[in-house]
Amino acid sequence: MDEIQKFAREVEQNIQGLAEDQELQQLSRVWTREVARHKWSYNFAWMGRPAIQFPNDAWAMQELIWQVKPDLIIEAGIAHGGSLVYYASLLAMLDMCEAVESGVACDPAKTRRKVLGLDIDIRSHNRVAIENHPMANWIQMIEGSSVAPETIAKVADIAKGYRRILVSLDSNHTHEHVLAELKAYAPLVTAGSYCVVFDTIVDEMPAELSANRPWGPGNNPKTAVREYLAQHPEFEIDADIHHKLLITVAPDGYLKRIA
């Protein structure tokens, strides 16, 4: 076993230890509950755009994007566009790395990679900021409900031109809506890639934290994931991700396509 393999084995053991430490796992949920009262996830930005996401989850997405090397990322839920810009910048780095490895120039105007963002309401000030961002060439947006037949049809048509597809679901968090998104977009995920369902943490949080929302414990992304996985054995939960993150809004939400 070489040094790289030794380190990888050490990491595996670390993650297993975290998974078995139920007190620490529970403490992480307590911490998440308390920072939610302060809208902690609102405090971060990527390349100037607000990204309403936990930094731990953003780091996990970076690892997955480097691993999968997708040429299309579909994201349901745009908000201020921080995640779109983040994913676009990671795709840009993939383009640059491939250019370095192949010995050719990296031309941003000729990228084949895209982040496709979906949102029922792309507010004008956010659209302007996204379209004028240096990463805009890697971004495409569709305004409309992510579960509307016309949106689903548009996305399916666009996806035909891509080889490796990763999906991120982070819009309306009701059971019904997320389940409809899973049925529409999870089938587009290519083998070995992921459909990441955010805010599964809602099922483990006090109802008061979502009192002004149409979702809450018993009606949320995690309940939708459970129902979807019961009928779709081609996906499995990558539990190592949320075990190692500890602090995450997506426990049991990193779904890997295995077939």
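Axes in these legends are lines fitted to C-alpha atoms, for helices over the stretch in contact, and angles run from 0 to 180 degrees between N-to-C directions. The model is predicted, so local features need pLDDT of at least 70 and side-chain atom pairs count only at pLDDT 80 or more, while totals for chains, interfaces and linings use all residues. Residues are numbered from 1 along each chain as its sequence is written, and side-chain values use heavy atoms, with hydrogens and water left out.

**View 1. Crossing of helices H1 and H2.** The axes of helix H1 (residues 3–20) and helix H2 (residues 22–36) come within 5 Å and cross at roughly 75° (helices, H or I, have at least four residues and strands, E, at least two, both being DSSP runs numbered from the N terminus). Because of that angle H1 is roughly perpendicular to H2, a term covering 65 to 115 degrees. Leu18, Ala19 and Glu20 of H1 meet Gln22, Leu24 and Gln25 of H2 in the contact, meaning heavy atoms within 4.5 Å.

**View 2. Lysine 69 and its positive phi.** Lysine 69, a residue other than glycine, has phi near 55° and sits in the loop between helix H3 (55–68) and strand E3 (72–76). Its relative accessible area of 28% makes lysine 69 partly exposed (buried is under 20%, exposed over 50%, partly exposed in between, with a 1.4 Å probe and protein chains only).

**View 3. Aspartate 252 and its positive phi.** Although not a glycine, aspartate 252 has a positive phi of about 65°, and its place is in the loop between helix H9 (239–245) and strand E9 (254–257). Aspartate 252 counts as partly exposed, at 26% relative accessibility.

Note on methods: Angles under 35 degrees count as roughly parallel, over 145 as roughly antiparallel, 65 to 115 as roughly perpendicular and the rest as oblique.
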